[in-house]
Amino acid sequence: MTRVRPSTIIAGLGVVIMGLAPSLAAGQSAQSASLVGRVADESGAAMPGVTVTLKSPALQVSQLSAVTGAEGDYRVLELPPGVYTVTFELTGFQTSVRTDVHLTTGSAGRVDAMMKIGALSETVQVTGLSPVVDTVNVAGQTTLVQEQLRSIPMGGTMQEMLPLAAGLSMQTKPDVGDSNLASRSAIITYGVVLQATLDIEGINTVTAHDADTAVYLNSFALEEAQFKTSGNNAEIAFPGVAQVAVMKSGSNAFHGSARGSYENPKWQGNNVTAELAAQGITNPNPIVDPGFYDYNFDLGGRIVRDRLWFYGGTSQQSVKQGQIGFVAAPNADGCWFASCGGTTPGTTAQSLPQFNWKVNYQVRPTTKLIASQFSAVKHHSTMGGAGQLRPLPSTTFQRQPDQTWKGEMQSAPRNNLLLDVIYGYGGYHTHYIAQPATQVSQYGFPDGTDVKGNPSSIELSNNLVYGPNESVQDRPQNRYELKATVTYIPSEPHLGGTHQFKIGTTDDWENAGTRVLEDKASGDYQLRFSRGAPSQIVVYNFPFATSTNTLLGQAVYVTDTYTLRRVTLNAGVRWERYRNFYPEQTKEAGQFSAIFPARTYPRQDVLTWVDTVPRVGAAWDLTGNGKTVAKASFGIFGDTMGDLYSNAFNPNGQATQTYSWTGPCLVTQYRNDTFNDTSCDVTPQFLATLPSLTPLSATGGINSVINPDLKQNTTSEYTTRMERELIPNVAVSAGYVYHRILNNYNTNLQFLRPYDTWIPAAGTFADGLTGSPVTIYTYPASEVGAAFNVLKAANAPTDRPDTYHSIEVAATKRYSRKWTGAASFWTTKNHRWITGNSSGGNGNTPQSPNDDRFAVDDTWTWEARASGTVNFPMDISLSSSYRAQSGEREQRTQQFSAASSVLRQGSVTLRMGEYGEYTAPTVQIVAIKATKRFGLGQGRFFELNFQVFNALNASGITSINRLTGPQFGLATGIVSARVARFGGGITF
């Protein structure tokens, strides 16, 4: 693991701070809000010299002030989100006061004022006119304030906030009452999986080029969360959603809470229809004893009044539940599929204890120091792909500590200059083990699953696995991040307008390992059967306990927010450099050391990408009153290859060799041939011959060559949007978003077996559903041998980009008149090249004509969201949320096997029809929550709440087995059934 020395950090901070000269500039930090506006007299003439004063419980000081400039304009930056009172004062004029001004994370609220002649003591007060249209920023964004996070019925993890934002969805099935606890899913932004930026207190928690984060945390400690889904400026590196999550802070007044909730298995319904019951499904996700529970305690307040404040909290969530088609033991006939009847259902236990704290220190009026930390430990009893095709004994047991922490300095040496420096960490260390005896002894594995004679196995005709998980890994994943920005606002207009300049830098040190710490007792191999007959053996290079990979990322960006009358231009440019390598490391000897010998590998640079990308956007206040704004933006976004890209080339990473194997069988007590319900392990005599045999295929770093000319994949984004304030506190919007992705790449192309050399395989192959003949391609006999099993990364041709057209409409109602709400709908037209070997190969980078079969997704998808809260008399409130999405688009596949003389590459999966040939029904989820508060005096309240998730007990199917065979058409994913939850708490 690459360690960052404290001296390096201090030196780096010094270089950044000294290098960012005051003549350069930056904007507010992403975690704060700002307020802008113009003050005029009754004739409309600008009024310079007006004192603008802001007060709010969110401020840790008593008040903040600014003075209007020559054009009557003012700006106040780095405001914590909250509800403000804004006062405008000038001698000879009546005082103007605006109350209940709501400012949210990342927003630039606008409050204009008209001053009337009169005595200063005369006051004109206007209440409840909060800005709902952002006239400065062009990003499409959704902000969830603390009241929404508490009131909307939803799961408690941070991941469950994302589907509440317009334009965002997840690849997994919708959560129902924390049914997805301690799980993660790729984030879909306007129909496409894009690299996301998930900041928590300013530190990005996305690692390894994932489309999500494996830093599992809940949302109980958050003050606000903002999600910017399009139109992001040069401060944001990637094209996916940019999340800004802000932890609560302490203040001069002490405040805190104690809350908890519970779901009993008896409070859950059953949403299995007659059609699903005919497939052997009894309950998709039954909660089992002890059920679900969560609790959280937090406290914040002052240490030194007006100088030093603290906030801290602790929480835990836990659930034990079943899973559709998930089996712990076969029936009496040896069938492992739930559809057979008589199988033993498997259960999953998940828990997520968490601790968090934050300290704010006002060193002097112009300087603030902030430190914070989230820490959690995820426990999951059935990782590794638990489901219909992977029963309990073949899963892994997981324990994963994860955390994110930061130290931050904010300083404003002058009224128009702001410096912000953050250093922190986001990462985790995952520990997997094969299922231990404590989990599986009652199912015939008294010593756990990884024992001699119980080999990892798979039946190719249906992809059912057996035995211990084939690759039990240990995964440290670390990301250290340094960010520094300088904001400069010229005191005089330039080029006819006002400017807000920003220069910033982001430096990341990432390192990760995907390790196997020791040989498997069952053997470092997986046996493959074809309709019960021995077919292939895959051998692994275990152990590789010191494998590690490193990514160094640097970025510098400059932005200018230029306002000329009613138009604000957001222009910027970003320079990035990503350097990926693996350091020197040593591989140990293992079971197959004759194939994968022990040795020391020197340090190796793998890939470096450098890019400079532009971003530009414009917001036009059409009427000049901040109520109707037209927006447009264009941006090119680069990408990172991630620290684990080099793992594909690291000779000390996982590698495999696949050989033909037709027996004989070594009979043991374990029935690993699931097709015949018999025992068939490989013999020691056959294993001894492997070094002399020619493998069918190979994977891993020792079988890969580096392509230093691999191009960086890029995303071009175009957006247009219209936003309109219909009435006070109510806004509607409509927008269009276009994404075009170039230079997608595949790291597993066998470049010594080029596309045009593949030939039709001998023999007869037929469609298992229609009986029609099928042509399958294989490489020629002249390309047989280990010398050709060499992999190389390659970009997709320029004529095979992915494109996505999205249209969105949305409405928001800021809290007033005792209710708040939001609704959105968007639809996306896809043109996507299908990838993934299990999906029939990579359509954008075809290895052979096999990959060109039905290789494009040209479907439409849509999503809808709505949520709202109404407060009634007697401190009773009712909240609800609605989520709907188009049914899953699916494509039939089929797996073919034949002798190695016929299919020289081994078994082949082909796409057998157009993508979208099959469509699952629409998925709709409704949740409701009722709350009653009881006042206890002195600002203390006791609360009782009742929630119902999936209130209509919908049974939406989220995935279906489309592999041609006996399980074809069977549901593999269904939303969880209706469940009730009771909760309560005290706040003060």
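**Close-ups of a predicted model**

View 1. Threonine 142 sits in strand β10 (residues 140-145); strands are DSSP runs of E, at least two residues long, numbered from the N terminus. This is a predicted model, in which local features need pLDDT of at least 70 and side-chain atom pairs count only at pLDDT 80 or more, while totals for chains, interfaces and linings use all residues. Residues are numbered from 1 along each chain as its sequence is written, and side-chain values use heavy atoms, with hydrogens and water left out. Threonine 142 is buried at a relative accessible area of 18% (buried is under 20%, exposed over 50%, partly exposed in between, using a 1.4 Å probe and protein chains only). Setting aside residues up to four places away in sequence, threonine 142 touches Leu164, Ala165, Ala166, Ala225, Gln226 and Phe227; contact means heavy atoms within 4.5 Å.

**View 2. The largest nonpolar core.** This core holds 34 residues, and Met161, Ile187, Phe227 and Phe374 have the most contacts inside it. A nonpolar core is a set of buried Ala, Val, Leu, Ile, Met, Phe, Trp, Tyr and Cys residues joined through side-chain atoms within 4.5 Å. Elements that give two or more residues include β11 (168-170), β14 (197-200) and β22 (367-383), but β16 has the largest share, with three residues. A second, separate core of 21 residues includes Leu35, Val39, Leu54 and Ala66.

**View 3. Phenylalanine 254 meets phenylalanine 310.** By the ring-pair rule, the count is 26 aromatic pairs: rings of Phe, Tyr and Trp (its six-membered ring) pair if their centres lie within 6.5 Å, with planes under 30 degrees apart called stacked, over 60 edge-to-face and the rest tilted. Here the centres are 6.4 Å apart and the planes are at 55°, so phenylalanine 254 and phenylalanine 310 make a tilted pair. Phenylalanine 254 is in the loop between β17 and β18 (255-263), and phenylalanine 310, 56 residues apart from it, is in strand β20. Phenylalanine 254 is partly exposed at 43% relative accessible area, and phenylalanine 310 is partly exposed at 22%.

**View 4. Tyrosine 645 with phenylalanine 649.** This aromatic pair is tilted too, at 5.1 Å centre to centre and 45° between the planes. Tyrosine 645 and phenylalanine 649 are both buried.

**View 5. Lysines over rings.** The charged end of lysine 813 sits over the ring of tryptophan 819, 4.6 Å from its centre. Lysine 932 lies over the face of phenylalanine 934, at 5.0 Å from the ring centre. A charge sits over a ring if NZ of Lys or CZ of Arg is within 6 Å of the ring centre and within 35 degrees of the ring normal.

Methods
Helix = DSSP H or I, 4+ residues; strand = E, 2+ residues; numbered from the N terminus.
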